[in-house]
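Thanks for making the time this morning. I would like to walk through one model with you, going from single residues out to the contact between chains, so please have the sequence and the structure open.

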Amino acid sequence: MTTQGLVLRIVPVGSYAGRARAVVERSALVNRRNWLLVASGVFEPLFYLFALGIGFGAIIGNQTAPDGHPISYAAYVAPGLLAASAMNGAVHDSTFNIFLKLKYARVYDAMLATPLGPMDVALGETSWALLRGGIYAAGFLAVMAALGLIASPWALLALPAALLVAFGFAAVGMGAATLMRSWQDFDLILLVQMPMFLFSTTFYPITVYPEAIRVLVQCLPLYHGIELMRQLTTGAVGWSALGHAAYFLAMIVAGGWFTTRRLGRLLLT
Amino acid sequence: MASVGRAVHPVASVGLVLENLWTWYRRNWRATVVSSLLTPLMFLGAMGFGLGSQIRPGPVTANLPYVVYLAPAVLVMLSTQVAASESSFPVLGSFKWDQRYFAITATPVSVDQLVTAQFLWVALRVVLSGLAYLAVASLFGAFTDVRVLLAVPVSVLAGLAFGTWVMALAATVSDEGNAFGNVFRFVLVPMSLFAGTFYPITQLPVWSRPLAWVTPLWHGNELARAAEFGHMDALTAAGHLAYLLLLTAGGLLLARRRFHVRLKV
């Protein structure tokens with residue numbers, strides 16, 4: 001046993017032992033058995049991209065990029081799907097999977113019986129989710145590039161942007177997961193996630209809506225994720241991108257603070 | 001009842017199993033409202049009205065407003081989803097978690113009667129969610145012709161043509177049901193997206209069309225649209241129906257076999 005390991009076993013536990021990577025390693029080992037389900041996350045947004053972008057190409061006319069220049073429908077819908085899949089992946093990971101481990105598999109109780117603290121658990125789980133999300137986003141961007149749907153070098157920032165979006169949703173989702181009482185509550189999550197996926201200008205421009213609904217849509221987090229992504233992949237980047245990114249920073253801070261507080265209370269008392 | 005034991009009439013025992021399923025559903029139907037009513041309605045709203053506003057009626061949409069063109073296909077998609085989900089975890093759970101099937105077949109109810117009841121139950125769930133969707137979507141003007149009622153039995157058949165195979169799978173797997181996730185993501189979702197839901201498959205590359213022909217969803221979509229809007233000759237319709245019936249029968253026979261194997265004492 002190393003000295004560090006020995007020290008960690010003797011000194012009283014804090015909330016952070018600096019060992020979040022052990023949690024990541026555990027996730028990697030568990031998912032080795034079920035790699036097909038993990039890999040399938042790459043395909044779902046691609047199916048949508050092919051079905052809508054390619055099939056509709058001939059039916060739907062050109063759309064406009066955030067700066068007003070015309071772009072094909074495929075180039076319009078692709079960044080929307082990228083942001084939406086970052087959300088879907090992050091929400092699924094941070095609610096369903098966390099709740100399962102928290103309430104049923106009792107994985108975290110076991111982890112806290114080791115030198116790990118709640119902070120390690122939260123960091124480790126988030127890192128794993130982001131790692132997965134990053135792989136999905138990179139795959140999607142590669143396909144976009146192959147199809148000629150990327151118009152500017154700004155698109156290189158779409159990968160970190162996808163991680164930012166995923167992080168924001170994961171932080172808030174994890175906070176929500178700590179509040180859940182039973183599987184029935186997942187209907188509530190679905191009830192938030194589903195309309196957000198469908199109505200946040202993923203598939204069509206915001207001009208479709210009357211003024212009042214427009215304002216409502218502009219309050220939704222996914223709308224900002226999609227706008228950010230659409231600016232980056234079409235190259236129509238403006239200062240507003242910083243505002244969209246700030247929305248997610250706020251989600252990360254608020255969600256992270258709430259989650260750590262709740263996890264500490266749920267697990268250490 | 002007389003003290004001398006007498007086997008229950010086959011029809012009555014199927015009814016008893018159905019009543020059992022209904023008793024559960026009567027208490028828990030609210031849990032299914034989000035997935036089997038709100039989700040398809042929101043989908044129709046976003047794709048039919050939202051995206052549809054970008055699509056001009058033309059030959060591709062049979063010269064109909066896009067939402068009217070899309071609405072029957074969403075009915076078929078919903079039926080397939082409900083049939084698949086009702087045949088997946090609930091069936092696996094009845095073998096594995098609460099082991100209800102073992103309890104049921106320990107009574108005079110036979111395995112065949114159990115399979116029949118489970119099959120009819122899935123059909124009933126599909127009919128109920130289909131009618132609910134139809135009623136609400138009609139209020140929004142997504143359906144224009146009363147002949148759409150004919151699309152309900154068609155969509156049920158399309159749902160069962162897929163659901164029975166899922167039921168056979170559920171009777172086979174012994175883990176926690178990971179296979180369902182893969183079936184939903186690699187079969188159900190692509191099928192829903194590509195098999196003529198949003199546009200005729202002639203919009204897709206020629207090589208990919210045979211893939212759509214294999215799916216029950218495409219046959220269901222063709223029939224459901226024809227039921228509401230007309231334009232299909234009897235022979236073509238008979239062909240679609242025959243294919244769906246064949247798929248359903250095949251899946252049901254396989255499921256029956258798997259039930260017998262798993263419930264063997």
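Thr201(A) sits in the loop between α8 (186-199) and α9 (211-219) of chain A, where helices are DSSP runs of H or I of at least four residues, strands are runs of E of at least two, and both are numbered from the N terminus. Although Thr201(A) is not a glycine, its phi is positive, at about 60 degrees. Is Thr201(A) buried or exposed? Thr201(A) counts as buried because it has 23 C-beta neighbours inside 10 Å; the cut-offs are 20 or more other C-beta atoms within 10 Å for buried, 12 or fewer for exposed, and in between for partly exposed, with C-beta atoms placed from the backbone.

Before I go further, a word on provenance: this is a predicted model, in which local features need pLDDT of at least 70 and side-chain atom pairs count only at pLDDT 80 or more, while totals for chains, interfaces and linings use all residues. Residues are numbered from 1 along each chain as its sequence is written, and chains are lettered from A and ligands numbered from 1 in the order in which they are written. The model scores ipTM 0.87 and pTM 0.89, and chain B has a mean pLDDT (the predictor's confidence in each residue, from 0 to 100) of 92, with 98% of its residues at 70 or more.

Chain B has a residue of the kind I began with: Ala62(B), not a glycine, has a positive phi of about 55 degrees, and it is found in the loop between α2 and α3 (66-87) of chain B. Ala62(B) is partly exposed, with 14 other C-beta atoms within 10 Å. Leaving out residues up to four places away in sequence, Ala62(B) touches Tyr69(B) and Phe229(B), contact being defined as C-beta atoms, placed from the backbone, within 7 Å.

Returning to chain A, helix α10 (residues 221-234) has 14 residues and reaches 20 Å from its first C-alpha to its last, close to the 20 Å expected at 1.5 Å a residue, the expected span being 1.5 Å times one less than the number of residues. Of the 14 residues of α10(A), 14 are buried, so this helix is largely enclosed by the rest of the structure. After α10(A) comes Gly235(A), whose phi is positive, near 80 degrees.

Finally, the interface: how many residues of chain B are in contact with chain A? There are 26, meeting 25 residues of chain A. On the chain B side, α2 (30-50) and α8 (178-194) each supply at least two residues, and α8(B) provides the largest share, nine residues.

Notes: Two residues are in contact if their C-beta atoms, placed from the backbone, lie within 7 Å.
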